Every structure is written in C-alpha cells, then in structure tokens.
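Here are my notes for you to read alongside the model. Keep the sequence and the 3D view open, and take the points one at a time.

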Amino acid sequence: MKNIAVILAGGIGARVGGNVPKQLLPLADGRSVLEHATEAFEQTDCIDEVCIVMHPDYIAFAEQALLRNGWQKVKHIIAGGKERWESSVNAIRLYESVLSAEEFAHANILLHDAARPFVSQAIIANVCQALETHEAVTVAVPATDTMYMVTQTQNPQPATCNPQPLPLREDGRVVHSIPPRDTLMRAQTPQAFRLPLIARAYTLALQDPALQATDDCGILHRYLPTKPIHIVAGEETNRKITFKEDL
C-alpha cells in the first residue's frame, strides 16, 4: 500500500491574529509551523509521498519552503478551499486524477493539520502500521478535564431576596449534563483512511446540502456510519496551534 500524507494548510488562522496565516508563522528555530509539520512526514520511512494543500494566496511560500528544505517526498502543492473539508476534497480529487485505478485502489491517505507542527514520527509510524489492518484510523488522547454538555437558556430573573442579578456568560449557556470522562477522547491528526473509502464518504457528503464538518473522521462517521474508526494513541505534545499564545 502506498501511504500519501496530505498537509492541510489552506486556512487563514483568524484566531491567531496578525496579517499572515498561522501555518506561516515562525517557531523558536525560525522555521515555520508548516515546515515543521511537513518535515515530520518527510522524515518518516513509511510515508511514500507528501502533498501540501495551501491557501491560494500563499502557494509561493510553500514552493519556497520546498526548495529551501530540499524535501524529496513533496510531489504536489495545490490550492485549498474555504473550509477544511474542501481542502481534503481537493487532495482526494488530485489523486483521483493522477493515480491509475489500480494505484488508487491500493493507496492510503493521511490527512494532517499543518497547525499541528509537533506531530512525532512515532505517531505517524503507528498510524501507518494501523492502516495495515484497518480502513480508517485516527489519533486521540484521553480527556483529562471534566467535559460539560451545554444548552442554551434565557437569563433567569433574579430572586427577590437577591435584587442584583449574578453575572452570566454572554451566550447564556448552562450545563446540561456531565458525560463520564473515560468515554471521551480529544481528537488529533493525522486522520488516515483507505483512499477509496474516504473518497466514497466525501462523494456522499457532497450530495448533502446541509454538509458541515470539522474533520475527516466526522465525514466518514456521518456518511458511512458502519465503518469503524480505529484509534491510535496520540501525544500531548501533538497540540494544535489555535491562538497566539500557543506559539
């Protein structure tokens, strides 16, 4: 099986702030978030090929990074979409067009957020190994914090014995339930699939006018719910850069 890694760098990282997407920002060693994420897959033996899906306005940055780092496995740099799932679809369509039917049928795709620059080669290797026996694989870590299920409510009227209302969250949410922590895990990436499987899931998803998704496992789980998704242990260091403080 051919293992293809796709680095999803099509977003603008609005929550980080600044004038450039977060995947282009430098880390302590001066190399960008994107370079660190790509390098991890470049250096992992089980990865045969890498594709970078880039924000259309910054494709030149990825091309310069390719030349600067001398990456040998990066074969394609393509434009991403407005939503994360659109970037995944763009990568899948690329490989539908460049692979033969036989190659496509025997390929795996690992979809990784560029905003996770600290993914280890051990995680990647474990995902590749899991793909030898599973059609869908994700990376996750146990939830260490208590999680709340919340619901929306109207701000209550203050009790007569307390004429001053207590401060509430502006969104008016309250705790609905507290699920057992041992039933919850925090998702990481890469999320990996047999290429024909995730392509079929997205074909079904694109027929849904109400399509909404935050990750590729969500697409598979919603549109091909009978397909199990195997979990590989993640690492706390494989964190996602979301806010400026994360840098």
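1. Is valine 150 buried, partly exposed or exposed? Valine 150 is partly exposed, since its relative accessible area is 42%. (Buried means under 20% relative accessible area, exposed over 50%, and partly exposed in between, with a 1.4 Å probe and protein chains only.)

2. Before going on, a word on what you're looking at. This is a predicted model, where local features need pLDDT of at least 70 and side-chain atom pairs count only at pLDDT 80 or more, while totals for chains, interfaces and linings use all residues. Residues are numbered from 1 along each chain as its sequence is written, and side-chain values use heavy atoms, leaving out hydrogens and water.

3. Back to valine 150, which you'll find in strand E6 (residues 149-152). (Helices, H or I with at least four residues, and strands, E with at least two, are DSSP runs numbered from the N terminus.) Together with Tyr148, Val175 and Ile178, Val150 makes a nonpolar surface patch of about 390 Å². Areas come from the Shrake-Rupley method with a 1.4 Å probe.)

4. Now look inside. The largest nonpolar core has 32 residues, and Val6, Ile109, Phe193, Leu195, Ile198 and Leu220 touch the most other members. (A core is a set of buried Ala, Val, Leu, Ile, Met, Phe, Trp, Tyr and Cys residues joined through side-chain atoms within 4.5 Å.) Elements giving two or more residues to this core include strand E1 (2-9), helix H3 (84-98) and helix H6 (195-205). H6 brings the largest share, seven residues.

5. A second, separate core of 31 residues includes Ile47, Ile59, Ile123 and Cys128.

6. What do cysteine 46 and cysteine 128 form? They form a disulfide, with sulfur atoms 2.4 Å apart (the cut-off is within 2.5 Å). The torsion about their S-S bond is about 70°, so the disulfide is right-handed. The two cysteines are 82 residues apart, with cysteine 128 in helix H5 (residues 121-130). Cysteine 128 is buried at 6% relative accessible area, whereas cysteine 46 is partly exposed at 22%.

7. Proline 190 sits in strand E8 (residues 185-194).

Key:
Patch = residues over 30% accessible without salt bridge, like charges linked within 9 Å, V, L, I, M, F, W, Y side chains within 5 Å. Salt bridge = Lys/Arg side-chain N within 4 Å of Asp/Glu carboxyl O.
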